[in-house]
Each structure stands twice: as structure tokens, then as C-alpha cells.
Amino acid sequence: MKGYKIYQAQIDAVLHYINMMVQHNWSSEPPNEFNKMLSIDTLSDIAAISSRNLHLIFRAYTQESIHQYINRLRLEYALYLLE
């Protein structure tokens with residue numbers, strides 16, 4: 001992770017964006033809108049780095065793939081809503 005320190009702001013922006021999208025009310029949106037808003041292309045645009053580098057740097061920071069992180073966050077948020 002040491003070599004990836006320079007990407008911390010980009011990864012923080014992606015993490016913040018993912019958190020906002022997970023907590024967004026998607027009930028009035030088209031069925032596939034969530035997937036489109038969290039596509040690797042969208043996330044790499046936010047981070048202003050290539051999708052390949054985003055995958056590598058994201059895993060170095062979170063120890064999870066982007067897909068694993070989003071799924072875990074969705075489950076945690078669902079549990080929060082149920083409580």
C-alpha cells in the first residue's frame with residue numbers, strides 16, 4: 001500500500017461515491033440504474049485513473065475487490081435498515 005499513497009484522494013472519492021450510491025433510494029429509478037452508476041467505467045472516471053489501475057489500487061487499500069466491497073456495503077446497509 002505504501003506505493004499507492006499518492007492515490008488516496010482518488011480512492012477516498014470513489015469510496016464516498018459508492019457509499020452515497022448504496023444509501024440512495026433506488027425505488028423510482030430504472031431497474032439497471034444502480035449497476036450503471038457503479039460501473040467500473042463510472043468509478044474510474046471519478047478516480048481519474050484507468051479501470052485496471054483502479055482495480056489494483058482499490059484492492060491495495062481495502063483488501064477487497066470493488067465488487068466485494070459494494071456487496072458488503074449493501075448488506076451492512078440493509079442490516080442497518082432492518083434494525
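1. His24 sits in the loop that links helix 1 (8–23) to helix 2 (33–37). Helices here are DSSP runs (H or I, at least four residues), numbered from the N terminus; strands are E runs of at least two. With 35% relative accessibility, His24 counts as partly exposed, because that class lies between buried (under 20% relative accessible area) and exposed (over 50%), with a 1.4 Å probe and protein chains only. Its C-alpha atom is 9.2 Å from that of Phe34, 10 residues apart along the chain.

2. On the basis of the model: it is predicted, local features need pLDDT of at least 70, side-chain atom pairs count only at pLDDT 80 or more, and totals for chains, interfaces and linings use all residues. Residues are numbered from 1 along each chain as its sequence is written, and side-chain values use heavy atoms, with hydrogens and water left out.

3. The protein chain has 5 helices and 0 strands. From the N terminus, the order is α-α-α-α-α. The C-alpha trace spans about 40 × 25 × 15 Å along its principal axes.

4. How do helix 3 (residues 40–47) and helix 4 (residues 51–62) cross? Their axes come within 9 Å, at roughly 80°. The axes are lines fitted to C-alpha atoms over the stretch in contact, and angles run from 0 to 180 degrees between N-to-C directions. The two helices are therefore roughly perpendicular (65 to 115 degrees; under 35 is roughly parallel, over 145 roughly antiparallel, the rest oblique).

5. Helix 3 brings Ile40, Leu43, Ser44 and Ala47 to this contact, and helix 4 brings Ser51, Leu54 and His55. Contact means heavy atoms within 4.5 Å. The set divides into 4 nonpolar, 3 polar and no charged residues. Nonpolar covers Ala, Val, Leu, Ile, Met, Phe, Trp, Tyr, Cys and Pro; charged covers Asp, Glu, Lys and Arg; the others, Gly among them, are polar.

6. Which residues have the most contacts inside the largest nonpolar core? They are Val14, Ile18, Leu38, Leu43, Leu54 and Phe58, in a core of 21 residues. Such a core is a set of buried Ala, Val, Leu, Ile, Met, Phe, Trp, Tyr and Cys residues joined through side-chain atoms within 4.5 Å. Helix 1, helix 3, helix 4 and helix 5 (66–82) each supply at least two of its residues. Helix 1 gives the largest share, 7 residues.

7. Leu54 deserves a look. Leaving out residues up to four places away in sequence, Leu54 touches Ile11, Val14, Ile40, Leu43, Ser44, Ala47, Ile49 and Ile66.

8. For the whole chain, 33% of the 83 residues count as buried. Of contacts with a separation of 6 or more, 59% join residues 24 or more positions apart.
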